[in-house]
Every structure is written in structure tokens, then in C-alpha cells.
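Please keep the sequence and the structure at hand while reading.

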Amino acid sequence: MQRLAVYLQTLERMLRDGVELISSEMLAQACDVNASQIRKDLTYFGEFGVRGVGYNIQGLIRSIKQAL
């Protein structure tokens, strides 16, 4: 899935910049995608994130790499 590769690149860049948590809205803005599309894509591969807190970037990177 092409969007997952874009998410992965963006998340890896953010992790290098010291970001540990990210919301679907922040990731959507960085990837130029709708936040609901991000949530839909990620739930297809499993349960990620905590409502109102966001996603742990390191864990999300691992999960996306496994999915790819």
C-alpha cells in the first residue's frame, strides 16, 4: 500500500526529530491525507494509538514495516 510507505517515511523523519507521539491529525497534515483515512488505514493492520493521546511513533513504525 503506497500510503503506508509515505506514513513510514514521515514517521521515521519525525522520530529523528525527537517526536515520540503523533496524532492522526498531525500525521495527516504531514502526509497531505485526511485524518480519517489515516485511522482507517492503520486499523486495517491492527489496533494502534490511544484515543486523545495519539500513536507511539516507534511502535507504529515497527507495525507498518511488518505490514509492508
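Against which elements do the buried residues of helix 3 pack? In this predicted model, the buried residues of helix 3 pack against helix 1, helix 2, strand 2 (55-56) and helix 4. The buried residues in question are Ala 35, Ile 38, Asp 41 and Leu 42. Because they cover an arc of only 125° around the axis, they lie on the same side of helix 3. The face turned away from this buried side carries the exposed residues Lys 40 and Tyr 44.

**Overall layout**

The chain has 4 helices and 2 strands, and from the N terminus on its elements follow the order α-β-α-α-β-α. Of its 68 residues, 35% count as buried. The accessible surface of the chain comes to about 4,500 Å², and 46% of this surface belongs to carbon and sulfur atoms. Among the contacts with a separation of 6 or more, 63% are accounted for by residues 24 or more positions apart.

**The nonpolar core**

The largest nonpolar core comprises 17 residues, and those with the most contacts inside this core are Tyr 7, Leu 11, Ile 22, Leu 42 and Ile 64. At least two residues of this core come from each of helix 1 (2-16), helix 2 (24-31), helix 3 (35-44) and helix 4 (57-67), with helix 1 giving the most, namely 5 residues. When its neighbours within four places in sequence are left aside, Tyr 7 is in contact with Leu 27, Cys 31, Val 33, Gln 37, Ile 38, Asp 41, Leu 42 and Ile 64.

**Ser 24 and its partners**

Ser 24 is found in helix 2 and has a relative accessible area of 6%, so this residue counts as buried, the limit being under 20%. The side chain of Ser 24 makes a polar contact of 2.7 Å with the side chain of Arg 39, and a polar contact of 3.5 Å joins the side chains of Ser 24 and Glu 25. Leaving aside neighbours within four places in sequence, Ser 24 is in contact with Ala 35, Ile 38, Arg 39 and Tyr 55.

**Salt bridges**

| Salt bridge | Closest N and O atoms |
|---|---|
| Asp 41 and Arg 3 | 2.7 Å |
| Glu 12 and Lys 65 | 3.3 Å |
| Arg 39 and Glu 25 | 3.4 Å |

Asp 41 forms a salt bridge with Arg 3, and this pair links distant parts of the chain, with Asp 41 in helix 3 and Arg 3 in helix 1, 38 residues apart. Asp 41 counts as buried at 4% relative accessibility, whereas Arg 3 counts as partly exposed at 32%.

Glu 12 forms a salt bridge with Lys 65; because Glu 12 lies in helix 1 and Lys 65 in helix 4, the pair ties together parts that are 53 residues apart in sequence. Glu 12 is partly exposed, with a relative accessible area of 25%, and Lys 65 counts as partly exposed at 47% relative accessibility.

Arg 39 forms a salt bridge with Glu 25; since Arg 39 lies in helix 3 and Glu 25 in helix 2, this pair ties together parts that are 14 residues apart in sequence. Arg 39 counts as partly exposed at 34% relative accessibility, and Glu 25 counts as partly exposed at 44%.

Definitions and conventions. Residues numbered from 1 in each chain as written. Predicted model: local features only at pLDDT ≥ 70, side-chain atom pairs only at ≥ 80, totals over all residues. Heavy atoms only, no water. Core = buried A, V, L, I, M, F, W, Y, C linked by side-chain atoms within 4.5 Å. Buried < 20%, exposed > 50% of the residue type's maximum accessible area, 1.4 Å probe, protein only. Contact = heavy atoms within 4.5 Å. Arc of directions from axis to C-beta. Areas by Shrake-Rupley, 256 points an atom, 1.4 Å probe, with all protein chains shown as cover. Polar contact = N/O pair within 3.5 Å; in protein donor to acceptor, adjacent residues only side chain to side chain. Salt bridge = Lys/Arg side-chain N within 4 Å of Asp/Glu carboxyl O.
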